[in-house]
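This report walks through one protein model, region by region. Please keep the sequence and the 3D view at hand.

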Amino acid sequence: MQLGFVGLGAMGELIVPRLMAAGHEVTGWNRSRAKADALIAQGMRWADTPREVAQTSEIVFSIVTDSKGVRAVALGKDGIVSGIGKGCIYIDMSTIEPDESRAIAAEFAKAGAIMLDGPLSGSPVTVKAGNASIMIGGDEQAFERVKPVLLAIGPKVTRIGGNGLACQMKIAVNLLLMVEVICFGEAVALAEKGGVDRAIALDAILKSVAASPVLGYRGPVIHEGNMPEVPRADVTLQQKDMLLALNLGRTLGSPVPLAAAANEMMNACRGLGIDGNDFVVAHQVYRRLGGQA
């Protein structure tokens with residue numbers, strides 16, 4: 001198929017090669033062209049605007065940081081909506097507010113196109129390995145049309161419901177992931193404070209019923225005490241998602257006290273100037289608070 005991809009950052013630069021490897025032709029755009037050079041060398045076509053991407057594509061993807069960014073590439077000057085054909089499908093994979101996603105979808109409906117929210121769950125490591133999961137919100141028939149393409153990105157593709165519901169589910173999943181990793185650091189710091197060797201504490205946790213894939217990924221980082229040069233998800237990015245969870249909880253009247261606590265730990269990371277690291281760095285905050293650093 002003729003596919004378009006807008007946003008070639010940490011995730012986009014990994015997704016596009018998977019789509020091309022599956023036999024699709026991809027046209028891409030990014031605010032900074034330099035990030036696209038490696039993909040162009042692999043066979044991706046370049047377009048000068050999101051509009052040009054849409055004009056040549058049956059399905060257009062985007063993945064950017066926040067709802068402001070989505071509005072800019074989707075509805076702004078030379079945006080996707082101005083170039084997309086009737087009956088074509090736009091899939092936004094960003095993690096944004098459900099209501100914002102629904103409002104943007106309504107603009108695409110006015111243009112005779114279909115928008116699906118399709119946030120991706122996984123880190124660059126899982127995307128590269130082909131193990132990411134994708135949640136879809138929107139029209140069921142459109143979902144069935146795009147599902148074969150999505151399976152080239154990852155093996156777990158699920159329709160959550162109507163427009164915006166995949167965004168809502170992604171926020172809920174990220175809340176769980178965030179709290180789990182923060183609590184992981186808290187538990188290890190507590191064990192260490194009581195005299196348990198860090199390596200032994202990590203081994204015990206990762207062999208227990210509390211173990212999970214996300215803890216397995218980050219256990220070695222805590223063990224070594226050195227943060228990776230390229231974070232899987234840095235403090236700023238994760239805090240953005242926690243603020244989405246807090247706002248969604250306020251809007252829906254659903255309590256999210258653990259999200260609030262996790263957000264405060266991110267504030268502590270920022271205050272200590274270590275927010276450029278993967279958010280598992282919260283373990284170091286717990287050690288400092290407990291007098292271990």
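Buried means under 20% relative accessible area, exposed means over 50%, and partly exposed lies in between, with a 1.4 Å probe and protein chains only. The model is predicted, so local features need pLDDT of at least 70 and side-chain atom pairs count only at pLDDT 80 or more, while totals for chains, interfaces and linings use all residues. Residues are numbered from 1 along each chain as its sequence is written, and side-chain values use heavy atoms, with hydrogens and water left out.

**Cysteines**

A disulfide is a covalent bond between the sulfur atoms of two cysteines. Here it is scored as a pair of cysteine sulfur atoms within 2.5 Å. A search of the whole structure finds zero disulfides. Cys183 is in no disulfide, and the nearest cysteine sulfur, that of Cys269, is 15 Å away. Cys183 is partly exposed, at 40% relative accessible area. Cys167 is buried, at 1%.

**Accessibility of selected residues**

| Residue | Relative accessible area | Class |
|---|---|---|
| Cys167 | 1% | buried |
| Thr27 | 4% | buried |
| Gly219 | 4% | buried |
| Asn30 | 11% | buried |
| Asp78 | 30% | partly exposed |
| Ala199 | 32% | partly exposed |
| Cys183 | 40% | partly exposed |

Helices (H or I, at least four residues) and strands (E, at least two) are DSSP runs, numbered from the N terminus. Thr27 sits in strand E2. Its relative accessible area is 4%, which means it is buried. A polar contact is a pair of N or O atoms within 3.5 Å; within protein, one must be able to donate a hydrogen and the other to accept it, and residues adjacent in sequence count only if both atoms are side-chain atoms. The side chain of Thr27 makes such a contact with the side chain of Arg45, at 3.3 Å. Contact in general means heavy atoms within 4.5 Å. Not counting residues up to four places away in sequence, Thr27 touches Leu3, Gly4, Phe5, Met44, Arg45, Trp46, Ala47, Val53 and Thr56.

Asn30 lies in the loop between E2 (25–29) and helix H2 (37–41). Where does the side chain of Asn30 find polar atoms of the backbone? A polar atom of this side chain lies 2.8 Å from the backbone nitrogen of Leu8. The side chain also reaches the backbone oxygen of Ser32, at 3.0 Å. Leaving aside neighbours within four places in sequence, Asn30 is in contact with Gly7, Leu8, Gly9, Lys35 and Trp46.

**Helices H4 and H5**

Axes are lines fitted to C-alpha atoms, for helices over the stretch in contact, and angles run from 0 to 180 degrees between N-to-C directions. Angles under 35 degrees count as roughly parallel, over 145 as roughly antiparallel, 65 to 115 as roughly perpendicular and the rest as oblique. The axes of H4 (residues 67–75) and H5 (residues 98–110) come within 11 Å and cross at roughly 5°. H4 is therefore roughly parallel to H5. On the H4 side, Ser67, Val70, Arg71, Ala74 and Leu75 take part. They meet Glu100, Ala103, Ile104, Glu107 and Phe108 in H5.

Most residues other than glycine have a negative phi. Asp78 has a positive phi of about 60° although it is not a glycine.

**Helices H9 and H10**

Ala199 lies in H9 (residues 198–206). Its C-alpha atom is 9.1 Å from that of Glu224, 25 residues apart along the chain. Gly219 lies in H10. The C-alpha atoms of Gly219 and Leu206 are 7.9 Å apart, with the two residues 13 apart along the chain. Leaving aside neighbours within four places in sequence, Gly219 is in contact with Phe184, Leu202 and Leu206.

**Helices H12 and H13**

How do H12 (residues 257–271) and H13 (residues 282–289) pack, and at what angle? The angle is about 80°, with the axes 10 Å apart. That makes H12 roughly perpendicular to H13. Met265, Met266, Ala268 and Cys269 in H12 meet Ala282, Val285 and Tyr286 in H13.

In H13, Ala282, His283, Val285, Tyr286 and Arg287 are buried. The buried residues of H13 pack against H8 (165–193), H9, H10 (213–224) and H12. Just after H13, Gly291 takes a positive phi of about 75°.
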